[in-house]
Amino acid sequence: MHVRWLVFVLACGGAVAAPEQSQGQTAGADRVQRPRLRLTIPSFSDAGPIPLQFTCYADGGQAMSPPLRWANAPEATRSFVLMVTGPENHRRGSHTVAFFWGRWNIPASTTQLAEGQPRGAEQPDGSRHMESDDGIVGYDPPCAPPGAGPIHYQFKLYALDQMLSLPSDATRDAVLQAMDGHIVGASTYYGVLERLPQR
């Protein structure tokens, strides 16, 4: 009698455990298949040449920011932060790379920034610009010197699990510190600028 009862209990336990394992496998499969945050810039290919209208060599010096698009934001996203740096440019101050453009508290519902974003700290969507290494509050166009060879510029978008509570004039370092521990996704896109010496 005891043997039969033990067999019955084990059989029931196996029947209960099997669906739980199946659910775990399904959840794991969902995590693997979910696409990651992806930033694109329609005006040039990833690691391709940056068109001159987005650089300091724009006609009349009237450079504009390139259009940005992104998709597949993580479910936990509450805001975005954009950073544009020049890893191969000369270091300035405490920064390990030159800093050209930064914007924080971009709303989680945002999927693009149109070409030619206005300068100034506060933006219509409530996000804010940081000051570049050149003191520009907004897009500071890349400006690789002639003869320096191809210089790479990094556009990086971060998804955060919160809005940042910072002063309106927060610096890049302050934003980076506030982001720590709250990044739930990131995507990087590169552009290259090269100017040949005049002959």
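Colleague: How many helices and strands are in the protein chain, and in what order do the elements run?

Modeller: This model is predicted. The protein chain holds two helices and nine strands. Read from the N terminus, the elements run α-β-β-β-β-β-β-β-β-α-β.

Colleague: What holds the strands of a sheet together?

Modeller: Strands of a sheet pair through backbone hydrogen bonds, and the pairing is either parallel or antiparallel.

Colleague: How many bridges join β1 to β3?

Modeller: Three bridges join β1 to β3, residues 68-71, and the two strands run antiparallel. Within this part of the sheet, L39 stands opposite W70 of β3.

Colleague: What is the order of the open sheet of six strands?

Modeller: Its order is β2-β9-β8-β4-β5-β7, and its pairing is mixed. Here β2 (48-49) and β7 stand at the edges with a single partner strand each, so one side of each has no neighbour in the sheet. Helix α2, residues 172-179, packs on this sheet and touches β4 (79-86), β5 (98-107), β8 and β9. The direction of helix α2 makes about 130° with that of β4.

Colleague: How many bridges join β8 to β9?

Modeller: There are 10 bridges between β8 (residues 151-160) and β9 (residues 183-193), and these strands run antiparallel.

Colleague: Let us turn to a residue in a loop. Where is P118 found, and which residues does P118 touch beyond four places away in sequence?

Modeller: P118 lies in the loop between β6 (112-113) and β7 (128-129). Leaving aside residues up to four places away in sequence, P118 touches Q123 and H129. P118 and G138 are 20 residues apart in sequence, yet their C-alpha atoms are 7.1 Å apart in space.

Colleague: Why is P118 described as partly exposed?

Modeller: The relative accessible area of P118 is 42%. Because this value falls between the 20% limit for buried and the 50% limit for exposed, P118 is called partly exposed.

Colleague: What can be said of the protein chain as a whole?

Modeller: Buried residues make up 37% of its 199 residues. Among contacts with a separation of 6 or more, 73% come from residues 24 or more positions apart. The accessible surface comes to about 11500 Å², and 53% of that surface belongs to carbon and sulfur atoms.

Conventions: Residues numbered from 1 in each chain as written. Predicted model: local features only at pLDDT ≥ 70, side-chain atom pairs only at ≥ 80, totals over all residues. Heavy atoms only, no water. Helix = DSSP H or I, 4+ residues; strand = E, 2+ residues; numbered from the N terminus. Buried < 20%, exposed > 50% of the residue type's maximum accessible area, 1.4 Å probe, protein only. Contact = heavy atoms within 4.5 Å. Pairing = 2+ DSSP bridges. Axes fitted to C-alpha atoms, helices over the stretch in contact; angles between N-to-C directions. Areas by Shrake-Rupley, 256 points an atom, 1.4 Å probe, with all protein chains shown as cover.
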